[in-house]
Amino acid sequence: MNLNERIKTILTENGLKQKEMAKDIGVTESYISSIINGRNSKISQSLATLIEEKYGYNSGWVLFGMEPKLKNNEKNRSLSCLQQKAIFQIERLSPEQVKAVLAFVKSLEEIESALTNHENH
């Protein structure tokens, strides 16, 4: 997997458009486009580190495809990549957005509980 494929992966996995990523990491949309189209096959370590901080992808993976793909987080070592990614995304939310996520999770738990109770009767 080369750089343009890794950047496409980040866009896809985060539901981002090139314009949004460019704004998040402080580059132009045409710069992101040049990476995706293969016209630019290298980025700086500082940009890879910024991508790591913004999206949770290990800078070594962004630059060179080195595993692990996601930033190693000691407290989440036993979690799957998907769970780590969800936690990373939640950490970036505002307090109001976190409250909305928690309310959603609680509603899922209530639905699951109601379904379990219904099946047991």
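1. Basis of the model. The structure is a predicted model, in which local features need pLDDT of at least 70 and side-chain atom pairs count only at pLDDT 80 or more, while totals for chains, interfaces and linings use all residues. Residues are numbered from 1 along each chain as its sequence is written, and side-chain values use heavy atoms, with hydrogens and water left out.

2. Confidence. The protein chain has an average pLDDT (the predictor's confidence in each residue, from 0 to 100) of 88, and 93% of the residues score at least 70. Within the chain, the mean is lowest in H6, at 77, and highest in helix H3 (residues 29-36), at 96; helices here are DSSP runs of H or I with at least four residues, numbered from the N terminus.

3. Helix H1. Helix H1 (residues 3-14) has 12 residues and spans 17 Å from its first C-alpha to its last, close to the 16 Å expected at 1.5 Å a residue, where the expected span is 1.5 Å times one less than the number of residues. Its buried residues (under 20% relative accessible area, against over 50% for exposed and in between for partly exposed, with a 1.4 Å probe and protein chains only) are Leu 3, Asn 4, Arg 6, Ile 7, Thr 9, Ile 10, Leu 11 and Asn 14. The cover over these buried residues includes helix H2 (18-25), H3, H4, helix H5 (59-64) and H6. After H1 comes Gly 15, whose phi is positive, near 60°.

4. Asn 4. This residue lies in helix H1 and is buried, with a relative accessible area of 16%. Leaving aside neighbours within four places in sequence, Asn 4 is in contact (heavy atoms within 4.5 Å) with Ile 35, Ile 36 and Gly 38.

5. Packing of H4 and H6. Helix H4 (residues 45-55) packs against helix H6 (residues 81-91) at an angle of about 90°, with the axes 8 Å apart; the axes are lines fitted to C-alpha atoms over the stretch in contact, and angles run from 0 to 180 degrees between N-to-C directions. H4 is therefore roughly perpendicular to H6, a term that covers 65 to 115 degrees. On the H4 side Glu 52, Glu 53, Lys 54 and Tyr 55 meet Lys 85, Phe 88 and Gln 89 in H6. The residues of this contact divide into two nonpolar, one polar and four charged, with Ala, Val, Leu, Ile, Met, Phe, Trp, Tyr, Cys and Pro counted as nonpolar, Asp, Glu, Lys and Arg as charged, and the others, Gly among them, as polar.

6. Leu 16. In the loop between H1 and H2, Leu 16 counts as buried at 19% relative accessibility. Not counting residues up to four places away in sequence, Leu 16 touches Leu 11, Met 21, Asp 24 and Tyr 55.

7. Ser 34 and Asn 40. Ser 34, found in helix H3, counts as buried at 11% relative accessibility, and Asn 40 has its place in the loop between H3 and H4. With residues up to four places away in sequence not counted, Ser 34 touches Arg 39 and Asn 40, whereas Asn 40 touches Leu 3, Tyr 31, Ser 34 and Ile 35. The C-alpha atoms of Asn 40 and Leu 3, which are 37 residues apart along the chain, are separated by 8.9 Å.

8. A cis peptide bond. The peptide bond from Glu 67 to Pro 68 is cis, with omega near 5°, and Pro 68 lies in the loop between H5 and H6.

Key
Helix = DSSP H or I, 4+ residues; strand = E, 2+ residues; numbered from the N terminus. Parallel < 35°, antiparallel > 145°, perpendicular 65-115°, else oblique.
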